[in-house]
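The following note sets out numbered remarks on the model shown below. Please read them beside the sequence and the structure.

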Amino acid sequence: MLDPVDMDIADSDFLNNQLDNGDSSDSDIDNYCMSFTCKNRLFGRQKPLHVVLGAGVSADIILWRNKQISAYIFMGATLTWLLFERTGYNLVVFVCHASLLSLTALFLWYNLGSFIYVSPPEIPETILPQHLFMRTAISLTATYNQALRSFRHVVFGTDIRDFLSVALVLWVLSVVGHLCSFLSFLYIVFVILMIVPALYDNLEDSVDSFAEKALIAINKQYAVLDEKVIQKLKKSVISSKNGKQQ
C-alpha cells in the first residue's frame, strides 16, 4: 500500500495530467479537492496550489512545471534588471533608442531594398480589440473598490489584528522602499513569485504542518495580549467616555 505522501504525489500527478490533457471534468476536480481538504492547508486553502494559481500556463510557469519557459522568463527578467539597475541605463532612453533603431532600420530597408533586390518588410496591421481595454478597466475598478472596502474595514473596524497586520505590511514596504529602488522592488517581488510557490509546492506538507503550529502559538500569544492589554485599554476608553458624558 502507498503511504500518505505517495498518495498525495499520485493524486497531484493525476490532476495535472487531467488538466494538461484538457479532458478533466468538474467531478474529477471536485473529488480530488474533497480528498485534498482532509488536511489543514495554509491560509485555509481548499484546492491544490496549481488549481489556485489558475491551472494554466501561468501556473505552470510559476511552479516550474515547464522548466524551459520558466528559465527563459527568469533570465529575461534578470537581464532586464541588470541592464537598468546595475548599468544605470534609463528606461526612457532605452525605449527611445530601441524605437529609433527599429524605425531607421525599417525605413532604410523599405526604401533601399529595391536597389539590393530585397523585398520590403511586411508589417501586419494590428488593431487591439476594445473589449480588452474594457475588461482591464472593469478589473482595475473592481480591485480599487475592493481595496477601498478593505481600507474602511480596517479603519472603522474593531479587530486590532487586521490593523496591526496592515500596519506591519506597510512598515515593511516602507523599509524595503528605502533600501532599494522601485525597479529592484519589482524584481524582488518577481523572484519571490518564481521561487516561493515552487518551493512550497515541493514541501507542502512540511510547511503546512509548521504553519499550523506557528499559528496556534501566535493565537495563544495574542490571547494573552488581548487579555492583559487590549481589553484593559477598551475598558479605560469606555469608562473615560462615560465619565465625560456624566
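Is arginine 65 buried, partly exposed or exposed?

1. Arginine 65 counts as partly exposed because its relative accessibility is 31%. Buried means under 20% relative accessible area, exposed over 50%, and partly exposed in between (1.4 Å probe, protein chains only).

2. The model is predicted: local features need pLDDT of at least 70, side-chain atom pairs count only at pLDDT 80 or more, and totals for chains, interfaces and linings use all residues. Residues are numbered from 1 along each chain as its sequence is written, and side-chain values use heavy atoms, with hydrogens and water left out.

3. The structure holds one salt bridge, a term for a side-chain nitrogen of Lys or Arg within 4 Å of a carboxyl oxygen of Asp or Glu. Arginine 65 forms a salt bridge with aspartate 201, and the closest N and O atoms are 3.1 Å apart. Because arginine 65 lies in the loop between α4 (57–62) and α5 (67–86) and aspartate 201 in helix α9, the pair ties together parts that are 136 residues apart in sequence.

4. The protein has ten helices and zero strands; helices (H or I, at least four residues) and strands (E, at least two) are DSSP runs, numbered from the N terminus.

5. The largest nonpolar core consists of six residues: Ile61, Trp81, Tyr187, Phe190, Val191 and Met194. Helix α9 (residues 182–202) supplies the largest share of this core, four residues. A nonpolar core is a set of buried Ala, Val, Leu, Ile, Met, Phe, Trp, Tyr and Cys residues joined through side-chain atoms within 4.5 Å. Apart from neighbours within four places in sequence, tryptophan 81 is in contact (heavy atoms within 4.5 Å) with Arg86, Leu183, Ser184 and Tyr187.

6. Buried residues account for 17% of the 246 residues in the protein. The accessible surface comes to about 19,300 Å², and 67% of it belongs to carbon and sulfur atoms; these areas come from the Shrake-Rupley method with a 1.4 Å probe, and for residues only the protein chains shown count as cover.

7. Phenylalanine 107 is found in helix α6 (residues 91–112) and counts as exposed because its relative accessibility is 53%.

8. An unreviewed UniProt entry carries the annotation "transmembrane region" for residues 69–84, 91–112 and 163–196; such annotations may be inferred rather than shown by experiment, and positions are given in the numbering used here, with feature names shortened. Residues 91–112 are 100% helix and 0% strand, with end C-alpha atoms 31 Å apart. For residues 163–196 the span is 94% helix and 0% strand, and the end C-alpha atoms lie 26 Å apart.
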